[in-house]
Amino acid sequence: MAGVTLGKGAVRGQMPAPTTVLNMPGFTEFISRERGWALKLVWLVGALLAATLLTAFRARVGMPAGGAPLLFYLPAIIIVTLTCGLRIGIASLVLTTLLVWYVFLPPIFAFGPLAHGQIVTLSLWTIVSSILVAISYFLRMSLQQLWRSEARYRKLVGVTSDIVWVTDGGGHIHFPNDSWSRITGMEWPAFKGRNWLSSIHEEDRPALIPEGVKADEAHQVEFRLWDATANDWRWFRSRAVAIYDSNGEITEWITAMRDVHEPRLARERTNIVLGESRHRLKNLITIIDALAKSSAGRAASNPDTDAFLKRFLGRLHALSAAADLALVGNNRFIELSAVIQATLAPFAEGQHLIRVDGPDLILQQETGGSIALAVHELATNALKYGALSSSSGTVSLTWDVINTPDGERVTVTWKEHGGPAPQKPEREGFGTRVIRAAPAREREGKVDFEYPADGLLCRIAFTHAKQPEEATA
């Protein structure tokens, strides 16, 4: 399950929202609420009136003043600033100072100059109250931000089909989880602590341990979870992201769990079908190979017939290698390096030296198959007339990729060394036409042949759209 991770990532339980200050979501919402000017004035008047009445009552019953007619005004200023904002908080500070000055400092309601001690008292009061107003306003802004984050979290959880979890590093569940109970049939506190492990398939539990996960990576795993409704195991996928403290230790995992049972089964069925297709393809190629050889009969000793068979079967096996790679990848794309290695494998036996080098490149299956045929023709020609016909000959097959506004410009270069000097043919044969057709399915396709004394040079260039990363999956 998402968030079900052993060791440092064990389930703590699904939380309806991030924990708020004092664990009081209602308090945070109340403080963060925006209020109109009329309501702000009600809060201002009400708080100062309550503080004034309490201060007057204290003086009336003869409680010791202790230099504090200001005692009840401090919480009043804090409350007004928290609930109404900075402007009303400053207004409460000014009104409080005037009230204490004219009502509670003797002589009462005298508007004469203040004594030195009173000036000091009011000055200190103003400084302390100003600091309290600033702190209260900062706290209000922080609570508002916290509430907005919590609201976004609630909305996100509400619109997603995933089950969201917050996990700690202890490996224990501490809170009930309705979704867990609904899926597994385990009611709280039956899955408290580590008892949740009984709902996960025994073979999949080790995969839930997030070993070697980097700070910027997510831990992903597919596993089987007991489904009480189906009375069977069901596949789920989890994705967990670690939260670190100031010391770099994992304190929590924020994780999500999603049902992937049907896609998983469909993928497994597809893999079975593809495996059967590969098996049938290989059998078919073997049958064609055997039929071609047996059909030649006595004519196989004829040089022309023998050359035809070798070319035909070589092309057939090159196409087979490309098709097999496409089936293995389970998509319409194949990796150029893999198809070239498979095509050249029969030619690289013995003393033949063929160097293959180039960056990772994903091509459409059709283009990859065409290049496989072209490379096979080049290798066959090198084996008969070129560098591979000599024990000291070598071949280098390289390719480079340049990003352009229209896509990736690919250039595949075949270069022979150390063999007989190549001769430019008087006319193009079928093999040359096969090579020239290699980039036909791509844009700006071009094939060039050069015949320097040190060996044949062939360049196959084309532009193709860059394939998405998922094409390699």
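**Salt bridges**

Does R436 count as buried, partly exposed or exposed? At 35% relative accessibility, R436 counts as partly exposed. In this predicted model, the side chain of R436 meets that of E428 in a salt bridge, with 2.7 Å from N to O. E428 counts as partly exposed too, because its relative accessibility is 36%. The structure has 12 salt bridges by the rule applied. Another of them joins D448 and K446, at 3.8 Å from N to O. D448 has a relative accessibility of 31% and is therefore partly exposed; K446, at 47%, is likewise partly exposed. Salt bridges with shared partners also connect E203, D204 and R224 into one network.

**Aromatic pairs and charges over rings**

Two aromatic pairs are present in the structure. The ring centres of W188 and F191 are 5.2 Å apart and their planes stand at 70°, so this pair is edge-to-face. W188 is partly exposed at 29% relative accessibility, while F191 is buried, its relative accessible area being 0%. W226 and W233 make up an edge-to-face pair as well, with 5.3 Å from centre to centre and 80° between the planes. Here W226 is partly exposed, with a relative accessible area of 27%, and W233 is partly exposed at 28%.

Charged side chains are also placed over aromatic rings. K40 lies over the face of W37, 4.7 Å from the ring centre. R264 is positioned over the face of W235, at 3.7 Å from the ring centre.

Helix α3 covers residues 73-84, and its 12 residues should span 16 Å at 1.5 Å a residue; the end C-alpha atoms are 16 Å apart, which agrees. Buried residues in α3 are Y73, A76, I77, V80, T81, L82, T83 and C84. After α3 comes G85, which has a positive phi near 105°.

Helix α4 comprises residues 86-104 and contains I90. I90 takes part in a nonpolar surface patch with L86, V94, L95 and L98, and together these residues have about 380 Å² of accessible area. With a relative accessible area of 43%, I90 is partly exposed.

Conventions: Residues numbered from 1 in each chain as written. Heavy atoms only, no water. Patch = residues over 30% accessible without salt bridge, like charges linked within 9 Å, V, L, I, M, F, W, Y side chains within 5 Å. Areas by Shrake-Rupley, 256 points an atom, 1.4 Å probe, with all protein chains shown as cover. Salt bridge = Lys/Arg side-chain N within 4 Å of Asp/Glu carboxyl O. Helix = DSSP H or I, 4+ residues; strand = E, 2+ residues; numbered from the N terminus. Buried < 20%, exposed > 50% of the residue type's maximum accessible area, 1.4 Å probe, protein only. Expected span 1.5 Å × (residues − 1). Phe/Tyr/Trp six-rings, centres within 6.5 Å; stacked < 30°, edge-to-face > 60°. Lys NZ or Arg CZ within 6 Å of the ring centre and 35° of its normal.
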